[in-house]
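Q: Please take a close look at one part of this structure, its aromatic contacts, and describe them in a connected way.

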Amino acid sequence: MKKAICIALIVFVLLAGSANAISIGISPGRVQYANLLPGGYAQREITLSTNSEDAISGHFTVAGDIKEWVEFDPDTNEFEISRGNPHRIRVIVRPPSDLRNGNYAGSIEFITDSIGGIGGRAGNIVKAAVILLVDAQVGGDEVIKCRAGGFFIRDAEIGFPLEFGASVINDGNVRLNPTLSLTIWDQLQEKIVMEHTAISRMILPTTQADLTERAENKLDAGQYWADMSADECDTRSTRTFSVVEKGGIADNGDLIGIFNKPWATVGETVEIVARFRNMGTRSVNAKFKGNIKLDGKIVKVIDTDEIIVLPGEVGEFSVFFTPPESGRYSLTGRAVYNNKLTFEKGGILNVEVPPEEGRSRFQAAIPLVLFLAIALIILYLLRKILKERRRRF
């Protein structure tokens with residue numbers, strides 16, 4: 001009888017082990033926003049991690065003074081993490097324009113829910129949680145402050161625009177439109193041959209932007225020197241570049257591939273991403289053109305908007321597709337850049353009918369049924385032992 005109880009207890013413990021004990025962590029553990037303006041903007045990036053090899057899904061909640069004016073990017077309160085796939089979240093605060101000056105506090109609690117994807121099947125776990133503390137100081141003084149670096153100007157063909165720019169970090173508490181100034185000297189740096197000023201796009205407080213501007217090019221072929229500055233940041237730099245004859249710069253690009261999840265269900269919206277790499281020495285205007293077929297018939301034609309891809313960088317074209325029926329869909333297309341075409345690339349999307357809801361509920365209930373069965377067996381054995389002892393004594 002004792003052996004039976006021990007066996008039952010061991011089985012119970014083993015089954016309980018399927019409810020995995022995990023831990024999660026967050027970095028940094030505290031976020032502070034200083035010198036915020038009413039109606040202003042600030043952001044910080046945090047990283048959520050776990051020790052689990054399996055994917056862990058969860059959610060988070062906000063509490064405290066900041067609850068009504070905090071936002072997140074991506075815009076969802078759900079997350080999915082694993083040991084090799086931490087989750088990065090941008091925590092954004094926008095104090096109301098009528099908010100009084102002062103110090104405000106809040107917290108964000110991250111709680112695990114289950115093993116498995118947010119939209120997929122899930123198993124039981126022992127829940128874990130971690131809290132991020134948030135402090136916000138709201139004041140009335142405007143601070144204009146920034147840093148600039150990474151100045152560049154690219155070689156250009158005769159008649160093609162000059163491309164120049166820099167990387168700017170807005171360390172102030174107000175929105176900033178940096179002024180990029182360009183002064184071009186001849187090869188001997190004795191004579192100014194061109195000047196240009198550009199008001200760049202807006203940079204929000206606490207954010208960084210890589211800025212690229214264009215200027216009309218009326219220069220002859222030859223070598224030149226460029227003095228560049230970001231006026232608000234009080235930063236300057238000198239670079240050299242060349243203007244060459246038409247055809248002297250060859251555009252070169254490659255469609256890396258078409259990427260999407262391999263399996264989906266009918267009616268599910270799937271994101272398809274085509275990645276293009278600019279291997280040339282100047283920016284190109286690029287777009288993706290292709291189609292989606294089922295059984296050889298075109299079900300969707302793809303023609304994205306143009307984007308500017310800088311030299312050495314990768315541009316992404318996102319396409320959203322909702323399959324109307326099950327089957328094996330083929331995705332093919334090319335990148336078009338500066339009137340040139342890449343080699344065609346392709347991909348596959350397998351679409352199946354959604355599983356029956358009742359079946360999913362039954363499978364989710366199996367662990368609970370097993371726990372109840374083991375508990376009833378233990379109670380039965382304990383009761384039998386007590387009766388046996390009473391009979392003896």
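Is Phe 72 buried or exposed?

A: Phe 72 is buried, because its relative accessible area is 14%, where buried means under 20% relative accessible area, exposed over 50% and partly exposed in between, with a 1.4 Å probe and protein chains only. The model is a predicted one, in which local features need pLDDT of at least 70 and side-chain atom pairs count only at pLDDT 80 or more, while totals for chains, interfaces and linings use all residues. Residues are numbered from 1 along each chain as its sequence is written, and side-chain values use heavy atoms, with hydrogens and water left out.

Across the whole structure, a search finds eight aromatic pairs; rings of Phe, Tyr and Trp (its six-membered ring) pair if their centres lie within 6.5 Å, and planes under 30 degrees apart count as stacked, over 60 as edge-to-face and the rest as tilted. One of these joins Phe 60 and Phe 72 in an edge-to-face arrangement, with 4.8 Å centre to centre and 65° between the planes. This pair links distant parts of the chain, since Phe 60 belongs to strand β5 (residues 56–64) and Phe 72 to strand β6 (residues 70–73), twelve residues apart; strands (E, at least two residues) are DSSP runs, numbered from the N terminus. Phe 60 counts as buried, because its relative accessibility is 3%.

Phe 60 also forms a tilted pair with Phe 110, at 5.1 Å centre to centre and 45° between the planes. Here the link runs from strand β5 to strand β9 (residues 102–115), which holds Phe 110, and the two residues are 50 apart. Phe 110, at 1% relative accessibility, therefore counts as buried. Together with Phe 79, the residues Phe 60, Phe 72 and Phe 110 form one aromatic cluster.

Key:
Helices (H or I, at least four residues) and strands (E, at least two) are DSSP runs, numbered from the N terminus.
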